[in-house]
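Student: Please take a close look at one helix in this structure and the spaces around it. I would like the packing partners, the linings and the residue classes in one connected account.

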Amino acid sequence: MKYILALDQGTTSSRALLFDDKAQIKKTAQKEFRQIYPQEGWVEHHAWDIWNSQISVAREVIEESGIDLQDISAIGITNQRETTILWDKKTGDPIYHAIVWQCRRSASYVEELKKRGLEDFLRERTGLVPDAYFSATKILWLFDHVKGLRERAEAGEIAFGTVDSWIMWNLSRGQIHATDVTNASRTMLFNLEKLDWDQEILDLLDIPREILPRIEDSSGHFGFTHPEVFGGARIPITGVAGDQQAALFGQLCFEESMAKNTYGTGCFLLMNTGSRPVIKKSGLVATVAWKIGEEVLYALEGSIFNGGAAIQWLRDEMKLIADAPSSEEAALEVEDSGVVVVPAFTGLGAPYWDMYARGGIFGITRGTKRQHVIRATLEAIAFQSQDVLELMEKDSGIKLKSLFVDGGASANNFLMQFQADLLDMEIIRPENLESTALGAAFLAGLGVGLWKDKEELKNLKTEDRIFLPQKDQSWRQEKINLWRRAVERTLQWEEE
Ligand code: ADP
């Protein structure tokens, strides 16, 4: 039996999963690590915490499964995206904490870029809406706040990497300084069409090219682990992708018009748009889905700030449910939601883009019960997903056929059925909800030749549960109208 070791380096924990050659999970291990919040809106990780937690879970699954190191064909890596690490190329020491994707510290740099009139230019080149999320302005902030850093960077002493690069650097003891196209496409320094660092952007932002990793396909040969890392073995690293792209791949959304939605704390929607990036001004971002050999696929991406977070709110603040899964039972205790909940806790994203919106519960009567509020909160997750998917269809001109789902809240059957009804589309939920790690394993397995091609991967997929739409058009339209009326009333609640 041969195995693929998938490393899933997430925002709050590092995970390792050992997949066998039938793509079945043999062993998993997970370790949380410190979140550092130096001030309001800032988020950091200790770069060594990222590495130490990741390597410890990797060793744990190998040891506990009792397999021979020789039987690990390859390693696949998937990771929290955009998070920025700079380190000394000689010593391998990080220069500063990792600046996490959520961190807003470089927002003023984004404003500056917009003032310089670069917004449209950056969007056209990178597919991204300029934002502090992406790595570029995090690098600029570090240059301005760490003494002597810029000079050292210009002298070629400094390496930049997203988390995939940091993990590979350490797995190889400094032999590999690389990233893959999907991670590169989240830096705001990457030319989406040329599939390379964009020299003009680097010049405009004054970022020395010397710090950047080389860019590889998502599936291919990145290099080997150093023998000291895993008891003498040299294991090839043959698959790398950012977490959302890995999930799209793990869900086998190989063809144009296939899309996945990950229902976690927030929701992340990605739609395969085929061989061309869709770059529009609607606020969705275009990104590389993956590159394997000559095949390059792009995706449209949209996110919802408050997905499962709204269920946490029901549990922790409203105390309406004891735990997240019990929201399903409560929702089914009433015939209809009766009310509309708009969980615009921190404003609304696509397609409304109103940071001043705040949440509301609409249509309350003397008969409104807790179950109504719970049901309506679950429905709100589906409504928001519907809004984003509709925008994706509009931007791309592509009609979605089905939606593949994963993430914690996709376990909720009521939510999935409501989503199917609302979209008038089948919802496909795999038995194994670990799409992200599976995607990394698939990419690595293809890269090392354990699996021949994408066709073979389709045969490895485990059984799905399919939710079929059961409602008619007038039901749908009525629901959507009601939702939009409620959203309307939450807009611009806070004053600018
Ligand atoms: P993340 O990766 O963002 O931490 P997960 O994929 O682990 O998220 O999903 C956790 C989220 O899903 C939480 O916000 C939780 O409230 C929600 N959740 C988990 N199970 C259910 C369920 N059965 N019904 C509704 N929401 C759920």
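Tutor: Helices and strands here are DSSP runs, a helix having at least four residues and a strand at least two, numbered from the N terminus. The model is predicted. The part to examine is helix α12, residues 370-396.

Start with its packing against α10, which covers residues 308-316. The two axes lie 9 Å apart, at an angle of about 165°. Angles over 145 degrees count as roughly antiparallel, and α10 and α12 are therefore roughly antiparallel to each other. The crossing of α10 past α12 is right-handed. On the α12 side, the residues in this contact are V373, I374, T377, L378 and I381; on the α10 side they are G308, A310, I311, W313 and L314. Sorted by class, this contact holds eight nonpolar residues, two polar and no charged ones.

The next partner is α16, residues 473-490. Its axis comes within 11 Å of that of α12, and the two cross at roughly 95°. The range from 65 to 115 degrees counts as roughly perpendicular, so α12 and α16 are roughly perpendicular to each other. Here α12 contributes E379, A380, F383, Q384, Q386, D387 and E390, while α16 contributes K479, I480, W483 and R484. The classes are four nonpolar, two polar and five charged.

Q384, D387 and W483 are among the residues that line the largest cavity, which has a volume of about 100 Å³. Other residues of that lining include S303, I304, F305, N306 and Y352. Both α12 and the strand β18 (295-304) supply at least two lining residues each. By class the lining has six nonpolar, five polar and one charged residues.

Helix α12 also takes part in an open space, the second largest pocket, to whose lining α12, α13 (413-423) and α16 each give two or more residues. The volume of this pocket is about 280 Å³. Of its 15 lining residues, R375, F418, K471, W475 and K479 lie nearest the centre. K479 is also one of the α16 residues in the contact with α12.

Conventions:
Residues are numbered from 1 along each chain as its sequence is written. This is a predicted model: local features need pLDDT of at least 70, side-chain atom pairs count only at pLDDT 80 or more; totals for chains, interfaces and linings use all residues. Side-chain values use heavy atoms; hydrogens and water are left out. Axes are lines fitted to C-alpha atoms, for helices over the stretch in contact, and angles run from 0 to 180 degrees between N-to-C directions. Angles under 35 degrees count as roughly parallel, over 145 as roughly antiparallel, 65 to 115 as roughly perpendicular and the rest as oblique. A crossing is left-handed if the near helix is turned anticlockwise from the far one by less than a right angle, and right-handed if clockwise. Contact means heavy atoms within 4.5 Å. Ala, Val, Leu, Ile, Met, Phe, Trp, Tyr, Cys and Pro count as nonpolar, Asp, Glu, Lys and Arg as charged, and the others, Gly among them, as polar. On a 1 Å grid over the protein atoms alone, a cavity is a set of points where a 1.4 Å probe fits but cannot get out, and a pocket is an open set with protein on both sides within 12 Å along at least five of seven lines; lining residues have an atom within 4 Å of a point. Grid points are joined across faces, edges and corners, and a volume is the space filled by probe spheres set on the points.
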